[in-house]
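Please read it alongside the sequence and the structure shown here.

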Amino acid sequence: MLLKMQVARDIAMARSQQHDTDFYSWTQDQAALLRALPRGSNLLDIDNIAEEIEDMGRAEIKEISSLLRQTLVHLVKIACDPEAPSVAHWVGEASGFQGDAVLANSPGLRQRLDLPKIWSVAKRNATDSLAEYGVVVPPLPEECPLTLDQLLDANFSPREAAAEVSACTHSDDTDQGRGYRR
């Protein structure tokens, strides 16, 4: 009996620590535990509570995806219009969004992030934004030139990352992207 109590305490402690270290996985585990509770005389609205907890985990995915998208948008802008007066601002923005993504990341989120989709939306956002200033973006690769590991690296350098994006552009005319400068 004493061993069972100790095991139960250890499991509870591990779940509590998981809340702080891998919030997404914690939300999924807690929702599954709620759904496994007996329904008999339980007055809890188990299905809706479990769904709300799962939604909190999905919000984490949306948040980090948005931060990575914003990081990539700024990297594309730097890569495609490196002489723009706004480059220093874009570097700061990319650094800030990437830093927030690092802080929001947890192990359970990594496999849920859809980098191809994030990259696709980021390319369109950057292209639309630069087009407003007459900057033509050369064709960008279909696949993101950066990995999740690179994007979530605590030692991330926006200028180095933008150089990698720039190296992957397919432009026949290197001056093609030069247009109105902000």
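D149 is exposed, at a relative accessible area of 52%; exposed means over 50%, buried under 20%, and partly exposed in between, with a 1.4 Å probe and protein chains only. D149 forms a salt bridge with R110, and their closest N and O atoms are 2.2 Å apart. The model is predicted: local features need pLDDT of at least 70, side-chain atom pairs count only at pLDDT 80 or more, and totals for chains, interfaces and linings use all residues. Residues are numbered from 1 along each chain as its sequence is written, and side-chain values use heavy atoms, leaving out hydrogens and water.

- R110 is partly exposed, with a relative accessible area of 29%.

**The other salt bridges**

- The whole structure holds 3 salt bridges, a salt bridge being a side-chain nitrogen of Lys or Arg within 4 Å of a carboxyl oxygen of Asp or Glu.
- Side chains of opposite charge can pair when their charged atoms come close.
- R35 and E54 meet through their side chains in a salt bridge, at 2.8 Å from N to O.
- That pair also links distant parts of the chain: R35 lies in helix α2 and E54 in helix α3 (residues 46-80), 19 residues apart.
- R35 counts as partly exposed at 33% relative accessibility, whereas E54 is buried at 16%.
- D55 forms a salt bridge with R58, where the closest N and O atoms are 2.2 Å apart.
- D55 and R58 are separated by about one helical turn, because they are 3 residues apart in helix α3.
- D55 is partly exposed, with a relative accessible area of 28%, and R58 is partly exposed at 40%.

**Helix α2 and T27**

- Helix α2 (residues 23-36) has 14 residues and reaches 20 Å from its first C-alpha to its last, close to the 20 Å expected at 1.5 Å a residue; the expected span is 1.5 Å times one less than the number of residues.
- The buried residues of α2 are F23, Y24, S25, W26, T27, Q30, A31 and L34.
- T27 has its place in helix α2 and is buried, with a relative accessible area of 0%.
- The side chain of T27 reaches the backbone oxygen of Y24 at 2.6 Å.
- Leaving aside residues up to four places away in sequence, T27 touches I53, M56 and G57, contact meaning heavy atoms within 4.5 Å.

**The chain as a whole**

- The chain has 8 helices and 0 strands; helices (H or I, at least four residues) and strands (E, at least two) are DSSP runs, numbered from the N terminus.
- Along the sequence the pattern is α-α-α-α-α-α-α-α.
- Of the 182 residues of the chain, 39% count as buried.
- Among contacts between residues at least 6 apart in sequence, 75% join residues at least 24 apart.
- The accessible surface of the chain comes to about 10,600 Å², of which 54% belongs to carbon and sulfur atoms; accessible areas come from the Shrake-Rupley method with a 1.4 Å probe, and for residues only the protein chains shown count as cover.

Methods
A polar contact is a pair of N or O atoms within 3.5 Å; within protein, one must be able to donate a hydrogen and the other to accept it, and residues adjacent in sequence count only if both atoms are side-chain atoms.
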